[in-house]
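Subject: Structure handover

Hello,

Here is the structure I promised to pass on. Please open it first, then read my notes below.

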Amino acid sequence: MRGKVRKCVSFGNTSRKMFDYMPIAALVDDTIFCTHGGLSPSIHTIDQIRVLERLQEIPHEGPITDLMWSDPDVRGEGFKISTRGAGFTFGQDIVEKFLHCNDIEHMLRAHQLCLEGYQVLFDETFSTVWSAPNYCYRAGNDASILKSMRSSINTSMYFP
């Protein structure tokens, strides 16, 4: 029995460490910036994200933490320290500046529960897609997926 337990623990550590190798952000069709959480006051360009040392656990603070845990604030502007204890909140002005500076059209993230499964903010330049229905078996929320269709004219997004 002990051998089996050790193998399970070892596999658990291996699968947890696998997340340390996953990208912190992605760029889809050079128009949609994707990250788990949000933006960072120390990151202004996508090139700055490309040089981050990703092969590590998410640290307690810094740009990787911010990209992972920051949230939009529809009532505020600029960056503010998040009440969650990690990352920041940021306003529409920050999103607009990041999109303009990087010549991209939209920002997509997933870190925040949305009762309808998704939320579109900031003049339709920013979306949250939540893929866990009835989160923790008690939230009663829907889930969603996003389908992006690139044409020669624009990018269309659908939430089926």
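From the N terminus on, the elements run α-β-β-α-α-β-β-β-α-β-β-β-β-β. That gives 4 helices and 10 strands. Please keep in mind that this is a predicted model.

**Confidence**

The mean pLDDT of the chain is 86. Of its residues, 86% reach 70 or more. Helix 4 (residues 92-102) has the highest confidence, at a mean of 98. Strand 10 (residues 155-158) has the lowest, at a mean of 50. Over residues 152-156 the pLDDT is below 50. Beyond near neighbours in sequence, that stretch still has 10 contacts in the model.

**The chain as a whole**

The chain has 160 residues, and 34% of them are buried. Its accessible surface comes to about 10400 Å². Carbon and sulfur atoms account for 55% of that surface. Now the contacts with a separation of 6 or more: 48% of them are between residues 24 or more positions apart.

**The N-terminal part**

Strand 1 (25-28) and strand 2 (residues 32-35) run antiparallel and are joined by 4 bridges. Ala 26 has Cys 34 in strand 2 as its bridge partner. The two strands form a hairpin, with 3 residues between them. Asp 29 sits in the turn and has a positive phi of about 50°.

Met 18, Phe 19 and Met 22 make a nonpolar patch of about 300 Å². Met 22 is in the loop between helix 1 (2-18) and strand 1. Its relative accessible area is 38%, so Met 22 is partly exposed.

**Salt bridges**

How many salt bridges does the structure hold? There are 3.

Asp 47 pairs with Arg 50 in one of them, with the closest N and O atoms 2.5 Å apart. These two residues are 3 residues apart in helix 2 (residues 46-50), so about one helical turn separates them. Arg 50 counts as exposed, at 55% relative accessibility.

Asp 71 forms a salt bridge with Arg 84, and the closest N and O atoms are 2.6 Å apart. Asp 71 lies in strand 3 (residues 71-72), while Arg 84 lies in the loop between strand 4 (79-81) and strand 5 (88-90), so the pair ties together parts that are 13 residues apart in sequence.

Asp 71 also forms a salt bridge with Arg 109, where the closest N and O atoms are 2.6 Å apart. This pair links distant parts of the chain. Arg 109 is in strand 6 (residues 106-109), 38 residues from Asp 71 in strand 3.

Are its members buried or exposed? Asp 71 is buried, at 3% relative accessibility. Arg 109 is buried too, with a relative accessible area of 2%. Arg 84 is partly exposed, at 47%.

Strand 4 and strand 5 run antiparallel, joined by 3 bridges. Phe 79 stands opposite Phe 90 in strand 5.

**Gly 91**

Gly 91 is in the loop between strand 5 and helix 4. At 0% relative accessibility, Gly 91 counts as buried. What does Gly 91 touch, not counting residues up to four places away in sequence? The residues are Asp 73, Gly 76, Glu 77, Gly 78 and Phe 122. Arg 75 is 16 residues from Gly 91 in sequence, and their C-alpha atoms are 7.3 Å apart in space.

Best regards

Technical notes:
Residues numbered from 1 in each chain as written. Predicted model: local features only at pLDDT ≥ 70, side-chain atom pairs only at ≥ 80, totals over all residues. Heavy atoms only, no water. Patch = residues over 30% accessible without salt bridge, like charges linked within 9 Å, V, L, I, M, F, W, Y side chains within 5 Å. Areas by Shrake-Rupley, 256 points an atom, 1.4 Å probe, with all protein chains shown as cover. Salt bridge = Lys/Arg side-chain N within 4 Å of Asp/Glu carboxyl O. Buried < 20%, exposed > 50% of the residue type's maximum accessible area, 1.4 Å probe, protein only. pLDDT = per-residue confidence, 0-100. Contact = heavy atoms within 4.5 Å. Pairing = 2+ DSSP bridges.
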